[in-house]
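Please look through the model below before reading on. The notes that follow are meant to be checked against it, point by point.

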Amino acid sequence: MSEQEIIQQEPKWYVLHTYSGYENMVKENLVMVFKKNSLTERLFDITIPMEDVVEEKNGKRKLVQRKMFPSYVFVKMIYDNSMWHIITNTRGVTGFVGPQGRPLPLTPEEVKRMRIDLTVFDTNIKEGDRVKVTDGALQGFVGEVEAVDKANAKCRVNVSMFGRPTPVDLELNQIELIVE
């Protein structure tokens with residue numbers, strides 16, 4: 001495959017199964033393998049999704065990061081059959097997630113639902129703005145923005161429910177600014 005054809009292909013997310021606790025090592029090894037085999041133009045991202053969890057130990061609460069999908073590594077790449085042996089023979093990788101260990105790319109819906117491919121959402125919405133909910137269960141409601149989290153593409157909006165302001169968390173693509 002020529003370099004021009006590679007560039008024109010769309011990268012997709014694939015899931016690799018790893019030995020338990022080897023996720024970070026697999027991530028580092030994959031970067032080295034892609035460099036060694038001159039495939040870096042095909043690799044776009046390798047991620048191990050993490051979540052913040054409050055753990056209580058000895059009566060003390062502590063915020064810790066935990067793997068959302070233990071034993072799995074997500075790789076965004078342009079894949080072809082010649083890469084299968086290179087990736088599956090990487091130390092710590094047990095195989096691809098898919099039928100009979102063959103790679104099956106994640107659908108855009110799965111990527112969005114698992115919150116793997118987080119892009120920074122550029123918006124001009126700020127605290128204090130009046131917005132209208134355009135999507136979801138609260139469609140049509142109007143409220144005031146209380147907080148904006150651009151990194152996670154979310155915001156907290158106070159909407160009037162049952163005659164009182166109620167804070168709700170919404171995605172930034174679910175609201176639109178009301179221009180007055």
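This is a predicted model: local features need pLDDT of at least 70, side-chain atom pairs count only at pLDDT 80 or more; totals for chains, interfaces and linings use all residues.

1. Residues are numbered from 1 along each chain as its sequence is written, and side-chain values use heavy atoms, with hydrogens and water left out.

2. Seven salt bridges are found when the whole structure is searched, a salt bridge being a side-chain nitrogen of Lys or Arg within 4 Å of a carboxyl oxygen of Asp or Glu. One of them joins Asp 80 to Arg 42, with the closest N and O atoms 3.0 Å apart. Because Asp 80 sits in the loop between β5 (72-77) and α3 (84-88) and Arg 42 in the loop between α2 (23-36) and β2 (43-47), the pair ties together parts that are 38 residues apart in sequence. Helices (H or I, at least four residues) and strands (E, at least two) are DSSP runs, numbered from the N terminus. Both Asp 80 and Arg 42 are buried, where buried means under 20% relative accessible area, exposed over 50%, and partly exposed in between (1.4 Å probe, protein chains only).

3. Another salt bridge links Arg 66 and Glu 55, at 2.5 Å from N to O. Since Arg 66 belongs to strand β4 (residues 60-67) and Glu 55 to strand β3 (residues 50-57), this pair ties together parts that are 11 residues apart in sequence. Arg 66 is partly exposed, at a relative accessible area of 36%, and Glu 55 is partly exposed too, at 32%.

4. Which residues touch the most other members of the largest nonpolar core? Of its 18 residues, they are Leu 30, Phe 34, Val 75, Met 77, Ile 87 and Phe 96; such a core is a set of buried Ala, Val, Leu, Ile, Met, Phe, Trp, Tyr and Cys residues joined through side-chain atoms within 4.5 Å. Two or more residues come from each of β1 (12-18), α2, β2, β5, α3 and β6 (93-96). A second, separate core has 14 residues, among them Val 145, Ala 153, Val 168 and Leu 172.

5. Asn 58, in the loop between β3 and β4, has a positive phi of about 55° and is exposed, with a relative accessible area of 78%. Ser 71, in the loop between β4 and β5, has a positive phi of about 75°, but Ser 71 is buried, at 12%.
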